[in-house]
Structure formats: structure tokens, C-alpha cells
Amino acid sequence: MGTHIKDLSGHSLFLLQEKYLTRQYIDGYFKSRGLQIKPAVELSDMHSLLHMTILNQGITILPKSYLNTVDTRKIRQIPIIPSIPLKEAESYTGKKFMGSTIKEFIEHMLQSYQSV
């Protein structure tokens, strides 16, 4: 059971801001299928998207790798057909790998503090 990708374009979506790689994958995927999405809400982190979705009973698109790390008892996960191939970009620093979300957060923090 799942939701076809074309059925999502008619709903109010809560998505990440356009500057995030995950959002760019989502936008590109819709565009490649001739569909356009217009989010009702754009936020800067996945936790806020999940929280807004729970509070407002909205729809969001999040990577399964993220959903595997949070409490999902208050939401219903519905696979998208065909699935969106979200790729997990990684950065290597020292002896640890960082996901793209952590890397963007660090870059954002550095930019914020450099401008102060």
C-alpha cells in the first residue's frame, strides 16, 4: 500500500527549505514526472517538519533513514510510489562520517557566527 507521487501534488505539504539537498531531490523528482509542488510550509529541519505534521495533520516527505531514528508512533508512514531515491550524502572529517544534514548544520552555524 502506498500513495502515488501524482496524488501528493494536490495536497498541502510541509517540506524543507529549497536550499537543502533533500528538498532539491524531492523537487527534482516531482519535476522529472511533470509535477509541481507548492509547499504550504517550509522549515529548516526535519524534526520541526515531523512535529508540524503531527500537530497539523499535514503531509511531509522525509528520508526513511531519518524516520528510523525517531519515535513515529504518532504518525502514519505511507510509502510513495514510485519511491523517491533520496541519497544520503556523507562527509568525512577526522575518523567519523557525517550525514549531509549534520554538515549543513555545521556550515550554517559557522556562517552565523562569522557574521556576528
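I started with Arg23 and Asp27, which form a salt bridge with the closest N and O atoms 2.8 Å apart. The cut-off I used: a side-chain nitrogen of Lys or Arg within 4 Å of a carboxyl oxygen of Asp or Glu. Everything here comes from a predicted model, where local features need pLDDT of at least 70 and side-chain atom pairs count only at pLDDT 80 or more, while totals for chains, interfaces and linings use all residues. Residues are numbered from 1 along each chain as its sequence is written, and side-chain values use heavy atoms, with hydrogens and water left out.

**Salt bridges**

I checked where the Arg23–Asp27 pair sits: the two are four residues apart in helix α2 (residues 21–32), so about one helical turn separates them. Helices are DSSP runs of H or I with at least four residues, strands are E runs of at least two, and both are numbered from the N terminus.

Is Arg23 buried or exposed? Arg23 is buried, with a relative accessible area of 2%. Asp27 is partly exposed at 24%.

Asp71 is partly exposed, at 45% relative accessibility, and Arg73 is exposed, at 74%.

**Thr60**

Next I went to Thr60, in strand β4 (residues 59–60). Thr60 counts as buried, with a relative accessible area of 19%. What does the Thr60 side chain reach? I found the backbone oxygen of Phe14, at 2.6 Å.

Leaving out residues up to four places away in sequence, Thr60 touches Phe14, Leu49 and Thr53. Contact here means heavy atoms within 4.5 Å.

**Surface**

Leu110 lies in helix α5 (residues 100–114) and is partly exposed, at 48% relative accessibility.

The accessible surface of the protein chain is about 8300 Å², and 54% of that belongs to carbon and sulfur atoms. Areas are from the Shrake-Rupley method with a 1.4 Å probe; for residues, only the protein chains shown count as cover.

**Whole chain**

I counted five helices and seven strands in the protein chain. From the N terminus, the elements run β-α-β-α-β-α-β-α-β-β-β-α. Of the 116 residues, 26% are buried. Taking contacts between residues at least 6 apart in sequence, 62% join residues at least 24 apart.

**Confidence**

Last, I checked pLDDT, the predictor's confidence in each residue, from 0 to 100. The protein chain averages 77, and 75% of the residues score at least 70. Where is confidence lowest and where highest? It is lowest in strand β6 (residues 90–93), at a mean of 42, and highest in strand β3 (residues 41–43), at 93.

Over residues 88–95 pLDDT stays under 50, and the model has 15 contacts beyond four places in sequence for them. Where pLDDT is low, the predicted coordinates should not be read in detail.

Technical notes
Buried means under 20% relative accessible area, exposed over 50%, partly exposed in between (1.4 Å probe, protein chains only). A polar contact is a pair of N or O atoms within 3.5 Å; within protein, one must be able to donate a hydrogen and the other to accept it, and residues adjacent in sequence count only if both atoms are side-chain atoms.
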